[in-house]
Amino acid sequence: MTEHGEADTTGGRNRLADETSPYLLQHADNPVDWYPWGEEAFARARAEDKPLLLSVGYSSCHWCHVMAHESFEDETIAALMNEAFVNVKVDREERPDVDSVYMTATQALTGSGGWPMTVFLTPEGKPFYAGTYFPPEDGHGRPGFPRVLASLRDLWRDDRSRVLDSAQGITERLQAAVARQYASDDGPAEASAALTSEAVEALWRGFDEEWGGFGRAPKFPNPGGLEFLLMHEARLRGEGGPPGTSGRMVLSTLRAMAAGGMYDQLGGGFARYSVDREWLVPHFEKMLYDNAQLARVYLHGYQFGGDPAFERIVRETLDYLEREMLDGEGGFYSAQDADSEGIEGKFFVWTRAELNAVLGEEDARICGAVYGVTEGGNFMDPHHPEFGRRNVLSRYRPLGEIARDFGLEEATLEARLAGWRAALLAERERRVWPGLDDKVLTSWNGLALAAFAEAGRVLGDERYLEIARRNAEFVRGSMWQAAADGSSGRLLHSWKDGVAKIDGLLDDYACYGLGLIELYRATGDLDHLHWAAELLAEIVDRFPDTEGGGFFEAAEDAERLILRQKPFYDAATPSGNGASALLAFWLGRYFGRPEWEDVAREVIAQVSARMAEGAGGFGSLLQVVELLVAPPREIAVVGDAEARAPFERELAARFLPATLLAPAAGEDGLPVLEGRAAAPGEAAAYVCEDFVCALPARSVTELVSQLDERGV
């Protein structure tokens with residue numbers, strides 16, 4: 001450190017070297033005098049009467065890397081930043097609360113948003129100028145970053161009162177907008193079947209009938225919306241209705257995504273999104289949250305329609321997460337980068353010559369036909385044209401059609417393809433790997449926990465269940481702070497290399513609680529359900545908006561930012577309020593707590609008047625509406641685990657999104673289990689409607705008969 005408290009950036013590392021976030025550590029060698037978010041940066045800004053430059057991004061963000069290389073690694077630009085500003089670098093995944101506040105400001109000031117996000121603040125944290133990526137020189141309709149820096153430096157120095165007045169006005173307008181965001185002159189609407197039907201119609205209007213998905217390009221997978229559509233279709237079919245558009249939208253989208261290059265045809269798992277309508281060319285970063293959620297959507301698609309290709313996608317995706325994203329302690333990492341060796345997608349793409357070298361020309365010719373490999377390629381990194389055109393692998397053509405072209409039996413080609421895939425994957429693993437963001441985030445791990453637990457139950461795979469159990473043990477042991485007085489504890493948001501930090505946010509509690517429910521359903525271990533109830537109790541106690549309803553993103557005792565936001569709109573992950581409402585609904589049903597079910601209704605009431613018109617962003621809350629309007633059904637299966645297994649396999653084969661499943665060794669612990677018992681060494685299933693149960697089914701045949709009678 002220098003005598004004035006500045007980090008020595010003349011040859012050493014800056015303050016970010018002491019952080020755990022991989023994204024922050026990527027900038028530890030910058031000549032910029034970076035601070036992490038915290039009071040130290042704001043204190044220096046006040047002491048030196050400087051504005052703050054807030055830069056927000058994440059480790060797998062391609063344009064974040066570009067701006068870092070062009071500007072933050074440039075000595076001249078860094079000197080200008082250090083001279084005029086206190087510079088703060090934030091990992092948006094580590095501090096989503098900070099990111100959401102200043103993304104709201106950026107969108108309000110510019111009309112758009114994205115990362116890297118660049119916001120200029122007063123020493124009180126009030127924004128006065130914002131943007132996203134700035135190039136090092138003027139061009140492409142954007143001012144160069146040095147010109148922006150110099151202009152704002154001069155404005156702060158020469159017209160301070162104007163800057164402060166502007167910042168104050170912007171902050172007040174943002175606060176007022178947040179306060180009225182979900183106010184409705186018409187008052188709240190009730191959760192109703194009509195609401196979900198309107199939402200389906202809205203989604204249908206934006207549906208791409210040729211390629212699946214919603215809108216044109218770029219295309220994002222929207223797992224929350226797909227889950228809602230499947231739930232809606234299942235309810236209508238359970239009521240005796242004909243097949244509708246909901247299931248059609250989901251199944252065609254799942255098939256199209258699995259065929260395109262957004263799905264990693266060799267290694268399994270999905271990239272973040274597709275840059276085109278056809279799901280062919282992805283933006284190559286692979287995120288835990290996408291893969292956890294999509295694995296469950298495909299699992300539900302498999303239950304719903306029976307397509308074995310969907311089971312293959314589930315297994316390949318979860319196997320990818322186990323192989324490449326699972327920490328030895330039991331937590332899942334956050335993301336893999338889009339770039340390797342500075343080139344987007346280099347790790348994942350192929351030329352025909354590379355296939356020839358691995359497989360030989362004849363096999364490469366057939367394999368290339370399967371994966372759509374051509375001499376001309378279908379992808380090029382525009383920033384590195386010297387790398388040439390390459391192929392993103394896809395599987396658009398039916399395998400039987402390709403087999404006929406080459407005079408092969410389809411089964412023979414399938415067997416040969418498995419060997420080619422293994423050989424290509426082995427060759428790919430010799431390449432320089434993309435960067436790995438190996439921090440563990442509680443909310444995203446909750447999504448992964450749910451995926452592995454439910455897949456273990458549905459597919460009968462004990463390996464997936466063991467991964468889920470280990471994850472719960474890890475989070476309980478490393479990211480949960482039990483209270484010294486024995487009262488409920490608190491979750492932490494982020495963990496890396498043995499260090500857990502940052503108070504848990506709303507979605508940490510809600511998403512992990514939902515994962516624990518799935519682990520209970522898969523194992524019958526009530527301890528998981530009781531921990532989920534502890535998490536919900538923390539939400540209800542520490543996160544509520546007692547005046548306006550719903551839940552805030554951060555707890556009442558968290559660091560106060562200029563805005564206190566209430567997340568209702570799904571982004572890439574379920575909104576905090578959507579996940580909380582789902583958790584409250586299910587735990588209210590399991591524990592016979594109608595006040596918790598009322599929590600779900602109250603959350604819906606905040607936005608129900610707007611949900612249909614914005615259906616694409618309210619998938620998790622629309623799922624809650626489907627649960628509220630579905631007939632209340634429960635199925636309890638009691639007996640020891642071995643005796644329960646045949647009954648549970650029958651239930652696992654059915655898509656039952658609105659049915660409460662309660663496996664247990666005995667009758668203790670839940671209302672639905674009271675008075676339900678089985679003889680030693682035997683099992684019994686109780687099929688109930690609003691806790692009024694039929695006679696116990698003591699064989700799988702009896703269970704099937706009862707389920708079919710009720711259209712379950």
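Tutor: Start with a term: a salt bridge is a side-chain nitrogen of Lys or Arg within 4 Å of a carboxyl oxygen of Asp or Glu. This is a predicted model, where local features need pLDDT of at least 70 and side-chain atom pairs count only at pLDDT 80 or more, while totals for chains, interfaces and linings use all residues. Residues are numbered from 1 along each chain as its sequence is written, and side-chain values use heavy atoms, with hydrogens and water left out.

Student: How many salt bridges does the structure hold?
Tutor: The structure holds 69. One of them joins arginine 46 to glutamate 39, with the closest N and O atoms 2.3 Å apart.

Student: Is arginine 46 buried, partly exposed or exposed?
Tutor: Arginine 46 is partly exposed, at a relative accessible area of 44%. Buried means under 20% relative accessible area, exposed over 50%, and partly exposed in between, using a 1.4 Å probe and protein chains only.

Student: What does glutamate 93 form a salt bridge with?
Tutor: Its partner is lysine 439, and the closest N and O atoms are 2.8 Å apart. Glutamate 93 sits in the loop between β3 (86-91) and α5 (96-110), and lysine 439 in the loop between β12 (436-437) and β13 (440-441), so the pair ties together parts 346 residues apart in sequence. Helices (H or I, at least four residues) and strands (E, at least two) are DSSP runs, numbered from the N terminus.

Student: And are glutamate 93 and lysine 439 buried or exposed?
Tutor: Glutamate 93 is buried, with a relative accessible area of 4%. Lysine 439 is buried too, at 1%.

Student: Which residues are in the network of salt bridges that share partners?
Tutor: Arg15, Asp33, Glu40, Arg44, Glu48 and Lys50 are joined into one network.

Student: New topic: helix α20. How far apart are its end C-alpha atoms?
Tutor: They are 24 Å apart, which agrees with the 24 Å that its 17 residues (526-542) should span at 1.5 Å a residue. The expected span is 1.5 Å times one less than the number of residues.

Student: Which residues of α20 are buried?
Tutor: Among them are Leu526, His528, Trp531, Glu538 and Arg542. What covers the buried residues includes α18 (462-478), β15 (490-496) and α22 (594-611); contact means heavy atoms within 4.5 Å.

Student: What happens at the start of α20?
Tutor: A side-chain oxygen of aspartate 525 comes to within 3.0 Å of the backbone nitrogen of aspartate 527.

Terms used
Polar contact = N/O pair within 3.5 Å; in protein donor to acceptor, adjacent residues only side chain to side chain.
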